[in-house]
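Morning, everyone. Let me put the structure up, and then I will walk you through it.

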Amino acid sequence: MPKRTDIKKILIIGSGPIIIGQACEFDYSGTQACKALREEGYKVILVNSNPATIMTDPETADKTYIEPITVEMLEKIIKKEKPDALLPTLGGQTGLNISIQLAEKGILDKYKVIMIGADRNAIKKAENRKLFKKSMQKIGLDLPKSGLAYNLSEAKKIAKGIGFPVIIRPSFTLGGTGGGTAYNEKQFEEIAARGLEASMISEILVEESIIGWKEYELEVMRDRKDNVVIICSIENFDPMGVHTGDSITVAPAQTLTDREYQHMRDAAIACIREIGVETGGSNIQFAINPDNGRMVIIEMNPRVSRSSALASKATGFPIAKIAAKLAVGYTLDEIPNDITKVTPSSFEPTIDYCVVKIPRFAFEKFPQADATLTIQMKSVGEVMAIGRTFKEALQKGLRGLEIKRFGFEGINYKDKEQLEERLKTPNSERIFYLYEALKLNYSLDKLYELTKIDRWFLENLRQIVESETRITEENLLWAKQLGFSDKQIAKVLNTEEDKIRELRKNRGIEPVYKLVDTCAAEFEAYTPYYYSTYETPFGKSQIPNPKSQTNSNIQYPISKTTEDEIRLSGKKKIMILGGGPNRIGQGIEFDYCCVHAAFALREIGYETIMVNSNPETVSTDYDTSDKLYFEPLTKEDVLNIIDKEQPEGVIVQLGGQTPLNLAVPLEKCGVKIIGTTPDAIDRAEDRKRFSELVDKLGLLQPQNGTAVTVDEAKVAAGKIGYPVLVRPSYVLGGRAMEIVYDDKALEYYMQKAVWASPERPVLVDKFIEDAIEVDVDMIADGETFVIGGIMEHIEEAGVHSGDAAMVLPPYTLLEETIEKIREITQALARELKVVGLMNAQYAVRNGTVYILEVNPRASRTVPFVSKAIGVPLAKLAAKVMAGKKLKDLGFTKEIIPKHISVKESVLPFVKFPGIDIILGPEMKSTGEVMGIDSDFGKAYCKSQLAAYQNLPKKGSVFISVKDADKKPLLVKAAGKLEDLKFEIISTAGTAEFLRKNRIKVKVIQRVSEGRPNLLDLMKEGKIQLIINTPSGKAPRQDEIKIRSSAIGLGIPVVTTLPGADACARGIDALIKGKLEVKAIQEYHKVKI
Amino acid sequence: MNKAILLLEDGTIFEGQGFGAQGEVFGEVVFNTSITGYQEIITDPSYKAQIVTMTYPLIGNYGVNEEDAESCKPWLEGFVVKELSAIRSNWRSTMGLDEYLKKNNVVGIQGIDTRALTRDLRAQGAMQGVISTNDFDATSLMRKLKSAPRLVGRDLVKEVTCKEPYVWTAKLQAPSSKPQCYKVVVLDCGVKRNILRNLVSCGCKVKVVPAKTTAEEILKLKPDGLLLSNGPGDPEVVSYVIETARKLLGRLPIFGICLGHQMLGLAMGGKTYKLKFGHHGGNHPVKDLKTGKVAITSQNHGFNVDMKSIPIKNTIMTHLNLYDNTAEGLENKKLKLFSVQYHPEAGPGPHDAQYLFNKFVSMMKNA
């Protein structure tokens, strides 16, 4: 069937900021879709509020709107662009939800926009629990017993009928927000209430618990001729009860017979047909009772998902790309398989390796959060590993997680009781407790009873543990085949990693690289997508005529070899090291930079080699670079690839801290790191050397020192004076960074800092209070130094730059201060001989500029700056690292845009109920959005809308600030809100201050003083905005309660004074001015 | 674990560990790309005289059970895997794969680079090979390999067909309430049980007869239709089945599957040829040329019908393999016959082509 000619312009909606449950997989899918549709000659209109995406690059779509994903803004875009069709299935749950809203509000009809892929009915049937259940019953599929409730009493009645434990799932949310398992009535009431709240339509499903059942997923595709194929089957290591995003998962399914698998396949096909997803991909989840095989269908996502990104990377089948082509009318058999070239896409990939995905968590960032894994997703990233066996893939995955584990290893525990508790209750470290239990010779049956993890997985783990003790110098190949890293082997043999590497290489024990080819080698594969494995050598005897019947003079062995499928080219090559699994502090921004490097280097004639382990990313799309190695980013794995490929240079400065940490070790092994030298990187990262650098240049730095012990720290702090900022060296995202106000807190911090060592001391800096923080991104080629952007933080210094809102260009700094910052940045870059990117952070107080830190690498803000100024900095940086000059590339002068760009962070507090939301030096945000407009108020307002902060147009504002914040800026903000007809409510202290400044205030008693209080008003919907700055070092319990309840209720909370001011200005813009939409291509007419 | 060797006639030699039975076996080495379904593959009579290597590396995970056997015993000569599971984990499992193969005297080898082996077979085509757990002298093994009987030109059907006729009554597991009102004779060239189950579920009374049963004997049973079953090896040498089929052309509705399809092609005066490494797997796309729809099919054949060689008029090609554009089905409406090269009965594999059994029933109904 040919493609549709009745549509010409297609609207694609992205998934917005990265949040838990919705990460860069939708940049991957959206980017693929844009490419695929434009290839077919369609005009693509793209909307996404997240600037750190490849899809929002001006080249990806015809028109790109970096605007809030709200109904109002989308209507404006639709009105302006008049698209013919909307493809709702590629932007995650966000894209799907907004599409439904656009349809239900009649906006799509009004502007004659049709939905392609999945229509409103199909989406509703899949997403609405009641309709879904009815549909599945109609086609004879079994489901867990369940009932729908719209209020608490209904819910209780259903729960009684089923019996505890029951699962509560709210309809229309993302990542399982608000759901949970209740084992008794008390828990039930709490979770059910939360679920009703979280659901967009106040609907929850109360369901029979099938905790402990085997969990499976199938990735399904359908075309408009009703051809259906299964792309991949996935079996969860963690059984039902843990969100699939938080489970270790394995592809393909391991413990199903063909009969059972085909039964599931039939069910999946029946499901996609009944739901009516006309074309595209869907993800369908099943559970199987391990005792009798009863299979129930759990849910269906009528769109591409995190699992489809995983399935694409696991099989080589580009689901999103194909989904886009199917949406415009092609059928599967009309689309060629890119990898084999000769076969069509109407087939089911078959694989000859095992894929393991392991989630990465960030509980260290949220110590108060409940770290139990449930049906609500809590992980922030994932790693994927490929091996020829499960054992190999699992060990590769574990070392690829970058959590200082080098394979399947153990963990400290108190006693057997604690160990068993950790096995019983799912948690992010359960796999390591399993190691300990196996060490203690727990039987598989006992472990199964505790964990319900399938015995097949447990047996494989047992084999690893058992084999570990048998490793000797003589059986290294065997050990490597089991996935052991050199580091693990070194530990067993009591030696160094490098020694094992040497020993291995001397004996010719090196990995081979095999292809991910969709077909288990049945056809030749043309796409160079590799993974490593250790294979058994085999012999090849030479016979003159192999099929001759007469010749039997065979000699064996001529030689024994292993088969390596690497195709080495004679081209100049550059290797780019990616960022590994997403985590807070290192996410999509760095993948964006790596992708740009691949594009840029290809433009100037290099063969590009990408190494990464994160399946969600664009960088691990097989056509982003010339060669893709899906491998853990460890020294061992990277060196192995370098041994084979021998690239001219390796880029480490774009993937975040992961590759940066490899810079020095790789260079020591003779690898050429291009761009800024590892020595210069070290000068900036090493505290002592950095201080020398600052002194040499005659610049100013907050007073500082280093310490390994408590006493040293106290001495340093005594010299500097409290408050001090303490943190480890060589980390990203402000990991373990704290502001400390006295000796007691310092002692406490140092006791926790067990990682501290003379090589990695604790850094102790003077904390400059009430300063404005500034971020600068610069690009340099060693000769020319150009500022990319200067960003003023809205929140005062002390809030991690990754969490702070930022404005480009600065909005309150004096021109002379800005000039001073320029000069200092130039001087630093010159001294460090920066080739590539550099980020510097400053604190400004009363016109004095202090250097906080310098990072000679790509920063988190590079994509934001690139979009704000219209210059792809990461691309330029890659070219510069390859030897090009900025002069020749045409970028020699800082661009100061006329428009205002605001970057706002998005925080995951809604997933961790009850914890305080105050920002500090430890980064906590998962993603970011961009607001762009002609003035600050509008741009800020857009950034808030994009970050899902419901800035109110009217109503009541609660204001309560600490004494130090009772200053003119508060009066200004409150005055503006009063002018805008908001009612102002305060507690006594703040009210008194505001009244003194002639602002009308209603007083309300403190939460601790009785009822009715603020919490009651909040619940009744009588508070629309909260301005609450934390009082002192240890915030009071009632404040925490207010702030965390506000998050649960969706009431915007502002926790800093400058934030309050910005917020008032944003609301002013929202009320007074009409927000207009403008494509990024209209902002930047000139292209570099 | 004991040592085992796999030697191919091109001189490639893999050293691994033996499992299943001890011994020395010869056969044509082929690869199968199905991820699941090793038990069905092992018990499929079509694999007689072949050594099968599974491209999926982890085999044996779910053991074996009573229900999933496609015949009474394993037929393949040898079995090659990357890693045999040390444990079986499935609620239906009754025995481990290793034990099952031991019991049924099948020699297996594991721990070799099965992907390298597959790539070799892809490049060179299917080859003769030997697995040995007792002779590790390559020169001696090669000598034996050269003198072992080859697959082409050998009648393997006579080795796998039933000795006596029997009635089959078991249905598929899926619920079906159709009454059995059509009498079908299945000419057993090595029939898979799932074909029989499908027939019963579609409303057929099934009688299975030995491959050497003559046309006259079949007609005497007064069937409504004839099914020519799947089976092993080279179709051209099974002259007695071709002869039977030829005599029954136009006299009974006929449905041919796999080898049965090839027999039908030959009976109609056509020719067959050998494919380079054959089709063995569960993911081949086959297009129904009438509807344009694509079915994902189960495949297991080394020979193919040359459609152009069939002289009988109005014989059309009905199905096409989208991987390599080979013929996958033929039909002659006037002669009331159709056949497919692939396996609509699945077992193992997808159920997309099950509709063909209904088609056979309609053909009998309208006959």
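I will take the chains, then their contact, then some sheets and a helix pair.

First, the ground rules. This is a predicted model: local features need pLDDT of at least 70, side-chain atom pairs count only at pLDDT 80 or more, and totals for chains, interfaces and linings use all residues. Residues are numbered from 1 along each chain as its sequence is written, while chains are lettered from A and ligands numbered from 1 in the order in which they are written.

Start with chain A. It has 37 helices and 40 strands. Helices (H or I, at least four residues) and strands (E, at least two) are DSSP runs, numbered from the N terminus. The C-alpha trace of chain A spans about 110 × 70 × 65 Å along its principal axes. Now the radius of gyration, taken over C-alpha atoms; the globule rule is 2.2 Å times the number of residues to the power 0.38. For the 1088 residues of chain A, a compact globule would come out near 31 Å; chain A has 29 Å, which agrees.

Chain B next. Here we have 10 helices and 19 strands. Its C-alpha trace spans about 60 × 45 × 40 Å along the principal axes. With 367 residues, a compact globule would have a radius of gyration near 21 Å, and the 20 Å of chain B agrees.

Contact here means that the C-beta atoms of two residues, placed from the backbone, lie within 7 Å. The classes: Ala, Val, Leu, Ile, Met, Phe, Trp, Tyr, Cys and Pro are nonpolar, Asp, Glu, Lys and Arg are charged, and the others, Gly among them, are polar.

Strand S19 (residues 538-540) of chain A runs antiparallel to S2(B), with 2 bridges. Two strands pair if DSSP finds at least two bridges between them. A:Lys540 sits opposite B:Thr12 in S2(B).

Stay in chain B. S15(B) and S16(B) run antiparallel, joined by 11 bridges. B:Lys274 faces B:Phe303 in S16(B). Their hairpin has 5 residues between the strands, and in it B:Gly292 takes a positive phi near 80 degrees. S15(B) also pairs with strand S17 (residues 316-321) of chain B, antiparallel, over 3 bridges. There, B:Val286 stands opposite B:Asn321.

Back to chain A, and an open sheet of 7 strands. The order is S14-S13-S10-S11-S12-S15-S16, with antiparallel pairing. Strand S14 (295-301) and strand S16 (381-387) of chain A are at the edges with a single partner strand each, so one side of each has no neighbour in the sheet. On average, neighbouring strands are turned by 25 degrees against each other, direction ignored. Axes are lines fitted to C-alpha atoms, for helices over the stretch in contact, and angles run from 0 to 180 degrees between N-to-C directions. Strands S10 (residues 214-222) and S11 (residues 228-236) of chain A share 7 bridges. A:Leu218 stands opposite A:Ser233 in S11(A). Helix H10 (residues 306-315) of chain A lies across several strands of chain A, including S10 and S11, at about 100 degrees to S11(A).

Last, a helix pair. Helix H13 (residues 416-424) and helix H14 (residues 430-439) of chain A pack at about 135 degrees, axes 9 Å apart. H13(A) and H14(A) are therefore oblique to each other. The scheme: under 35 degrees is roughly parallel, over 145 roughly antiparallel, 65 to 115 roughly perpendicular, and the rest oblique. Residues of H13(A) in this contact include A:Leu419 and A:Leu423; those of H14(A) include A:Tyr433 and A:Leu434. The contact divides into 5 nonpolar, no polar and 3 charged residues.

That's my tour. Thanks.
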